[in-house]
Amino acid sequence: MTVRPDRVELIARYPFPIDRFQEEAFDALDRGDHVVVAVPTGSGKTVVAEYGIATALAAGRRSFYTAPIKALSNQKYRDLIEIHGNEKVGLLTGDNSINGDAPIVVMTTEVLRNMIYGRANVLDDLALVVLDEVHFLQDAYRGPVWEEVMIHLPQHVQLICLSATVSNVEELAEWITTVRGPTASVVERQRPVQLENRYLVADRSNERLSFLPVFVDGGMNRDALRLDESGARRGGGRGPRKRGGEQGRSNGPPRRRLAPPGRVETVELLRAHSLLPAIFFIFSRAQCDAAAKSCVDAGLNLTTPEERAAIAAIVDERLGALEDADLAVLGYPQFIAQLECGIAAHHAGMVPPMKEVVESCFIEGLVKVVFATETLAVGINMPARSVVIEKLTKFTGETHERLTPGQYTQLTGRAGRRGIDDSGTAVVLWSPWVRFDEVAELVGSTSFHLRSAFRPTYNMAANLIRTYSSEQAHHLLNLSFAQYQADRDVVRMEARLERKRVAHAELRAQCTSEFGDLDEYRQIHNRESRRRATGREERVLAINAACAGLRPGAVIHISKGKYRGAAVMVASANRKKGTRLTLISKSADLLYATAEDFDEPPSQVGKVALPSAFAPNRKDYRRDVARRLRKVKLSSADRHSSRRSRDELAHRHPVAQDPELRSKLNAAGQADRIEREINDLERRVQGKNQSLAQEFDRVLDVLSEYGYIDLGSWTLTDAGEMLARTFHESDLLVTEIIRAGLLDELSPPDLASLVSAVVYEHRSPDDPPAPWFSSPDARQRWRRMAVLSEDLAAHERAVGLTEHRAPDPTFSAIAYAWVAGEGFAEVVSEEELTGGDFVRTMKQLIDLLRQLSTIAPSPSTRRAAAKAAEAAFRGVVADSSAPAETKPDVETRADS
């Protein structure tokens with residue numbers, strides 16, 4: 001193809017050669033294609049984004065760079081200023097609005113989504129959107145935003161999607177091609193810096209550390225495997241069992257006392273092997289702090305006097321604006337003592353300015369060891385020579401889960417600095433809970449399958465109604481990546497169905513007998529077998545089991561009241577006395593049957609394809625089902641089997657004389673099993689095809705019930721217009737609270753106190769403190785909020801939607817105190833709350849208050865919300881929102 005004449009000029013600034021995948025991406029962009037770039041961390045995928053931005057700028061067009069988190073947005077803002085200058089780069093996040101009319105604007109993905117739904121004119125001259133960390137689309141809560149952007153952006157906008165290495169990037173590119181046009185998938189699986197995986201074991205039998213490669217000559221390290229198997233494990237161990245039991249010591253050598261290496265000795269080993277700087281991942285904030293402190297307490301000092309002076313300069317520049325009392329609450333003395341030794345912690349419990357100090361010091365090579373939670377692995381550019389993973393399991397709040405291959409790849413992607421290190425090293429520490437062969441399996445796996453988390457939300461539905469017709473809205477839902485993946489699954493399931501149907505037909509062909517009706521013989525035989533084996537109580541169990549085995553659409557014969565004949569089972573439910581069937585008769589009557597209504601287990605004699613919209617209480621639904629039932633051809637099963645003579649024996653049946661009866665019965669049994677599998681696959685196919693549309697219709701039902709939409713005219717009410725401009729996890733609850741007037745006529749502190757309930761979520765396993773409110777009126781408003789939430793949750797349960805997160809008043813006192821003017825030190829010192837959690841929650845509260853200042857119907861409420869947001873945006877909160885001034889050099893940034 002023809003290369004842009006100015007490409008050489010556009011890439012001349014890079015002091016390193018352009019890689020193959022980067023050239024491939026440049027070519028696709030020059031063709032006008034969209035691009036999905038999936039490469040390992042540190043390979044230079046950002047260079048592709050910068051090239052696209054530079055070409056748009058050269059053509060006089062605008063570019064947006066979106067990132068999933070504000071910290072990454074701030075970093076990209078600084079990077080692009082380094083290239084293009086302050087006047088050409090803007091920043092739009094929930095915290096900052098800087099030069100928003102610039103030709104290049106960095107923003108969070110949600111900001112762009114809101115622009116699209118707000119029909120912003122700025123999209124008219126937009127040429128390019130970069131979606132960084134696009135694999136976030138699998139995030140359960142935020143993932144749908146990425147798909148909304150890709151579906152709803154104007155068609156003239158070109159996309160550059162940057163992703164970690166995923167195994168189905170071609171599928172993602174094919175979907176974008178379907179939705180937006182030609183899309184190139186650019187994949188590089190080779191890391192720019194080779195990664196060596198190591199296994200570190202402490203043997204307390206002899207106080208030695210074993211530092212072993214995970215793989216030797218392309219295979220699992222047998223020495224490491226033997227060492228691991230030689231140690232005693234908790235819970236009975238996984239090592240080789242001793243022959244002859246456990247009696248005596250003569251059966252083998254004593255088990256080694258293996259243990260996880262200590263943090264201090266691990267750091268000392270890394271220093272001895274020249275593997276610093278290192279990132280040490282520990283999935284606990286408290287343990288990150290404890291690890292950093294333990295190293296300092298042990299006398300580890302990894303810095304020179306010159307480095308300590310440089311650290312002090314960075315600290316003074318970034319933390320100089322904070323009050324001494326605030327710094328004391330944040331553990332400043334210990335923080336500084338650790339930094340001076342070249343050691344730091346990094347986690348979400350720290351305030352952003354302190355995290356930025358750690359990041360700057362690490363990038364400059366001043367801090368040699370950072371103990372971090374997994375949040376450090378997302379986006380922020382902090383390459384190291386080595387990465388240590390203390391445990392391959394992490395606590396999710398409810399259970400301990402193993403790291404996935406994708407998570408392991410994300411964490412170890414920081415190991416190895418391009419242009420500095422010949423190789424990077426990933427170190428996994430021995431654990432009593434994970435065997436070495438399991439470590440090797442995880443390390444060697446390359447599977448990271450991207451799955452869509454797309455689902456319709458209330459705000460999304462309101463905006464679809466606001467912008468599109470009903471047909472268009474449903475069509476756009478069908479364009480989602482979730483539906484695309486479901487459709488591909490359907491293709492695979494349809495292929496399985498075809499194979500099962502062929503096998504079923506072949507088996508059924510073997511189930512005929514020239515002596516008579518084999519199916520009739522089987523029914524009699526099975527019935528008599530059950531009679532011989534069980535009494536009435538046992539028969540009830542068998543009847544219940546048969547009822548439970550029926551699936552919606554199954555046709556059975558029933559004698560119920562005055563009705564005798566065939567009926568369609570449309571639903572079943574478990575009750576104390578067993579399964580209860582909901583049936584529709586040929587006369588469109590609704591029948592309910594339990595085991596007491598059958599003498600024998602009911603047999604399926606036909607199948608009806610039920611209407612997709614389940615509504616058995618509606619007459620039109622029952623008539624439709626009855627009409628379908630009357631058209632179905634039923635099998636020859638005896639319709640009066642419940643009254644068949646008890647003395648009729650199977651051996652009197654003529655089929656009993658068939659010499660091949662046994663093989664034919666086996667074939668019939670296999671056919672029955674395959675038929676059940678076919679029915680299951682058919683249900684799954686139907687569910688895949690209809691799940692998104694059905695969920696969207698449920699959302700619409702709730703919005704209609706609550707008065708947000710008029711489904712008949714497909715329009716929004718005034719409340720619906722407000723919902724369309726409410727961007728929050730609990731969007732419908734927020735608008736319900738506004739409509740109920742619960743935020744009206746309040747002071748700014750009281751308003752902030754109540755609004756914080758839909759922002760904060762208590763995650764500690766300990767019970768939260770009792771909520772505090774400034775007055776009985778405020779407390780009463782909170783109770784009404786809780787009632788509104790319970791009512792909405794009941795509606796969501798009734799229609800089968802996931803319930804919204806209930807409001808939590810734990811933060812109410814803190815929000816009130818801060819907005820009322822109390823200092824950070826006073827607020828945080830009295831609460832069991834980290835500085836990072838306080839700042840993050842307060843920034844989320846400010847974002848929602850700013851929305852309320854524009855969407856609330858009451859002018860006084862809008863003014864109070866604006867004043868509350870302004871009062872909250874001060875001190876450490878405001879300082880945590882400003883983009884840091886430190887700028888990494890070109891080489892560091894280009895390797896991100």
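A: Gladly, and please keep in mind that this is a predicted model. The side chain of S789 makes a polar contact, at 2.7 Å, with the side chain of H804.

Q: Where does S789 sit?

A: S789 lies in helix α27, which covers residues 776-799.

Q: Is S789 buried or exposed?

A: S789 is counted as buried, because its relative accessibility is 4%, and the cut-off for buried is under 20%.

Q: Which residues is S789 in contact with, leaving aside its neighbours within four places in sequence?

A: With those neighbours set aside, S789 touches L733, A806 and P807, as well as H804.

Q: Switching to strands, what covers the faces of β17?

A: Strand β17 (residues 386-389) is covered on both faces, with S386 and V388 buried on one side and V387 and I389 buried on the other. As a general point, side chains in a regular strand alternate between the two faces of the sheet.

Q: And which strands does β17 pair with?

A: Strand β14 (residues 278-281) runs parallel to β17 and is joined to it by 4 bridges, while strand β20 (residues 423-429) also pairs with β17 in the parallel sense, over 4 bridges.

Q: What is the strand order in the open sheet of 5 strands?

A: The order is β24-β23-β22-β21-β25, and the pairing is antiparallel. The edge strands, each pairing on one side only, are β24 (590-593) and β25 (606-607).

Q: How many bridges join β21 to β22?

A: Strand β21 (residues 554-560) and strand β22 (residues 563-575) run antiparallel and are joined by 6 bridges, and I556 has A567 in β22 as its bridge partner.

Q: Which helix lies across β21 and β22?

A: Helix α22 (residues 619-631) does, and it also lies across β23 (578-585) and β24, running at about 80° to β23.

Q: Last topic: which residues have the most contacts inside the largest nonpolar core?

A: Those are L112, M150 and F838, in a core of 170 residues, and helix α30 (residues 835-855) gives the largest share of that core, with 9 residues. A second, separate core has 32 residues, including Y14, V39, V106 and L128.

Q: What is L112 in contact with, beyond its neighbours within four places in sequence?

A: Among the contacts of L112 on that basis are F64, M107, L123, V129, V149 and L153, and T66 is another.

Terms used. Residues are numbered from 1 along each chain as its sequence is written. This is a predicted model: local features need pLDDT of at least 70, side-chain atom pairs count only at pLDDT 80 or more; totals for chains, interfaces and linings use all residues. Side-chain values use heavy atoms; hydrogens and water are left out. Two strands pair if DSSP finds at least two bridges between them. Helices (H or I, at least four residues) and strands (E, at least two) are DSSP runs, numbered from the N terminus. Contact means heavy atoms within 4.5 Å. Axes are lines fitted to C-alpha atoms, for helices over the stretch in contact, and angles run from 0 to 180 degrees between N-to-C directions. Buried means under 20% relative accessible area, exposed over 50%, partly exposed in between (1.4 Å probe, protein chains only). A polar contact is a pair of N or O atoms within 3.5 Å; within protein, one must be able to donate a hydrogen and the other to accept it, and residues adjacent in sequence count only if both atoms are side-chain atoms. A nonpolar core is a set of buried Ala, Val, Leu, Ile, Met, Phe, Trp, Tyr and Cys residues joined through side-chain atoms within 4.5 Å.
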